[in-house]
Amino acid sequence: MARRIDVTGKGGVRLAAWEFGDPPKSDRPPAGGEPEQSGHGVLLLHGLMGRASHWAATARWLSERHRAVALDQRGHGRSDKPAEAAFTREAYVDDAEAALEQLGLGPAVLVGHAMGALTAWQLAAKRPDLVSGVIICDMRASALGAASQREWADWFKSWPVPFATLADVRKWFGEDDPWVERPNPARGEFYAEVMQECEDGWRPVFEHEQMLKSRETWVYDAHWEELAQVQCPTLVVRGLDGELGRAEAQEMVRVLPKGEYAEVSDAGHLVHYDQPEAWRGAIEPFLDAVRLV
């Protein structure tokens with residue numbers, strides 16, 4: 001199942017939140033007559049250009065024990081994309097805060113990939129009462145700089161849109177994209193998920209300009225200070241071939257007051273897509289530990 005719940009974000013932006021599994025049946029008494037310990041709330045935050053459905057597989061196994069909700073962030077997925085909306089760090093953090101409060105999830109574990117991970121640790125620093133744990137998946141705390149932003153702008157221009165078919169989408173992002181070092185079918189599937197059929201072919205569900213606006217609000221700054229303010233247990237996860245290097249990841253763990261480290265072999269930036277079973281193996285013990293705190 002996939003159940004949509006509308007959330008009102010900062011500035012009245014309508015956001016789509018999704019549950020991809022049945023809520024945990026923790027209120028049923030076991031044979032002994034006492035209720036089982038209920039799972040905690042989990043809010044899943046995708047990265048730049050992503051959407052809530054990228055978390056579907058993770059959300060389904062999470063929902064066996066927890067209430068897991070994935071959020072289409074502003075400008076992404078089925079959420080609103082108003083031209084006049086703010087795409088600042090504050091807006092993204094406030095949206096996630098609103099989702100936790102309106103869905104009644106807090107205190108929750110925040111699971112974030114890339115940009116979503118930055119939102120997660122910034123919200124944990126801002127509202128420790130709403131966050132019981134954070135999982136950071138392949139997001140750097142260091143500044144990336146102006147050159148990185150220019151590279152992204154040029155990359156967007158290189159996309160051969162519209163794509164004639166979804167097979168063309170999968171092939172370009174999985175094989176032909178100059179940023180792909182070796183064939184990666186999981187990457188092709190990831191980008192196929194963010195395409196919609198239009199009259200002239202397949203185009204992304206987001207606006208490139210809004211993605212660049214979103215990105216420019218974090219690439220010029222480092223985020224170590226906010227990381228140090230996160231008081232809850234935090235797991236830093238990286239793929240061995242991802243964008244977050246081992247040295248920086250381990251420094252992030254050192255800076256975090258309650259930091260832990262995990263890495264997934266044979267995975268790149270899209271850890272939860274590249275190696276879903278290994279991803280589960282990396283984060284499930286952490287979730288269990290947080291649940292017992």
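User: What share of the contacts in the chain with a separation of 6 or more comes from residues 24 or more positions apart?
Analyst: The model is a predicted one, and its chain has 11 helices and 10 strands. Among contacts with a separation of 6 or more, the part that joins residues 24 or more positions apart is 71%.

User: Which strands stand at the edges of the open sheet, each with a single partner strand?
Analyst: The open sheet is formed by 8 strands in the order β1-β2-β4-β3-β5-β6-β9-β10, with mixed pairing. One side of each edge strand is left without a neighbour in the sheet, because each has a single partner strand, and the two strands in that position are β1 (3–8) and β10 (259–264). From one strand to the next, the twist averages 25 degrees.

User: Which residue of β2 stands opposite Thr8?
Analyst: Strand β1 is joined to β2 (residues 14–19) by 6 bridges, and the two strands run antiparallel. Within β2, the residue that stands opposite Thr8 is Arg14.

User: Which strands does helix α9 touch where it packs on the sheet?
Analyst: Helix α3 (residues 115–126) packs on the sheet against β3 (41–45), β5 (108–113) and β6 (131–137), and its direction makes about 155 degrees with that of β6. Helix α9 (residues 246–255) also packs on the sheet, with a direction at about 155 degrees to that of β10, and the strands that α9 touches are β6, β9 (234–239) and β10.

User: How do the rings of Trp159 and Phe173 pair?
Analyst: A search of the whole structure finds 19 aromatic pairs. In the pair of Trp159 and Phe173, the centres lie 4.8 Å apart with 85 degrees between the planes; Trp159 sits in the loop between α4 (146–158) and α5 (166–176), while Phe173 belongs to helix α5, 14 residues apart. The pairing of these two rings is edge-to-face.

User: Is Trp172 buried or exposed?
Analyst: The rings of Trp172 and Phe173 have centres 4.9 Å apart and planes at 85 degrees, so this pair is edge-to-face. Phe173 has a relative accessible area of 0% and is buried. Trp172, which belongs with Phe173 to a cluster linked by ring pairs that also includes Trp152, Phe190 and Tyr273, has 12% relative accessibility and therefore counts as buried.

Terms used. Residues are numbered from 1 along each chain as its sequence is written. This is a predicted model: local features need pLDDT of at least 70, side-chain atom pairs count only at pLDDT 80 or more; totals for chains, interfaces and linings use all residues. Side-chain values use heavy atoms; hydrogens and water are left out. Two strands pair if DSSP finds at least two bridges between them. Helices (H or I, at least four residues) and strands (E, at least two) are DSSP runs, numbered from the N terminus. Axes are lines fitted to C-alpha atoms, for helices over the stretch in contact, and angles run from 0 to 180 degrees between N-to-C directions. Contact means heavy atoms within 4.5 Å. Rings of Phe, Tyr and Trp (its six-membered ring) pair if their centres lie within 6.5 Å; planes under 30 degrees apart count as stacked, over 60 as edge-to-face and the rest as tilted. Buried means under 20% relative accessible area, exposed over 50%, partly exposed in between (1.4 Å probe, protein chains only).
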